[in-house]
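Trainee: Please take a close look at one part of this model for me. I would like the salt bridges and their surroundings.

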Amino acid sequence: MTEKKSQSRSGLEEKDKHIEKNIKEDSLESMLEEQLRNQVRSDYRRSLGNESRRRFME
């Protein structure tokens, strides 16, 4: 019976590690998505500034 308990414990520990890994991957993925959105927003603002500067200089 103790063998079954130790096997179930090790199985639970592996599941916990797998869940923790998925959480880390999800948080990394969401962080990268947010960073990408911010970069796109920054690039867009910069291009708007360049366009207005170009129009003003003409």
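Mentor: Start with a definition: buried means under 20% relative accessible area, exposed means over 50%, and partly exposed lies in between (1.4 Å probe, protein chains only). With a relative accessible area of 46%, Leu 32 is partly exposed.

Now the ground rules. This is a predicted model, where local features need pLDDT of at least 70, side-chain atom pairs count only at pLDDT 80 or more, and totals for chains, interfaces and linings use all residues. Residues are numbered from 1 along each chain as its sequence is written, and side-chain values use heavy atoms, with hydrogens and water left out.

The setting comes next. The protein chain has one helix and zero strands; helices (H or I, at least four residues) and strands (E, at least two) are DSSP runs, numbered from the N terminus. Of the 58 residues in the protein chain, 0% are buried. Its accessible surface is about 6,000 Å², with 54% belonging to carbon and sulfur atoms. Such areas come from the Shrake-Rupley method with a 1.4 Å probe; for residues, only the protein chains shown count as cover.

Side chains of opposite charge can pair when their charged atoms come close. A salt bridge is a side-chain nitrogen of Lys or Arg within 4 Å of a carboxyl oxygen of Asp or Glu. The count here is two salt bridges.

Take Glu 33 and Arg 37. Their side chains meet in a salt bridge at 4.0 Å, N to O. The two are four residues apart in helix 1 (residues 2-57), so about one helical turn separates them. Glu 33 is partly exposed at 40% relative accessibility. Arg 37 is partly exposed at 48%.

Now Arg 46 and Asp 43. Their closest N and O atoms are 3.2 Å apart in a salt bridge. They sit three residues apart in helix 1, so again about one helical turn lies between them. Arg 46 has a relative accessible area of 48% and is partly exposed. Asp 43, at 35%, is partly exposed.

Back to Leu 32, which lies in helix 1.
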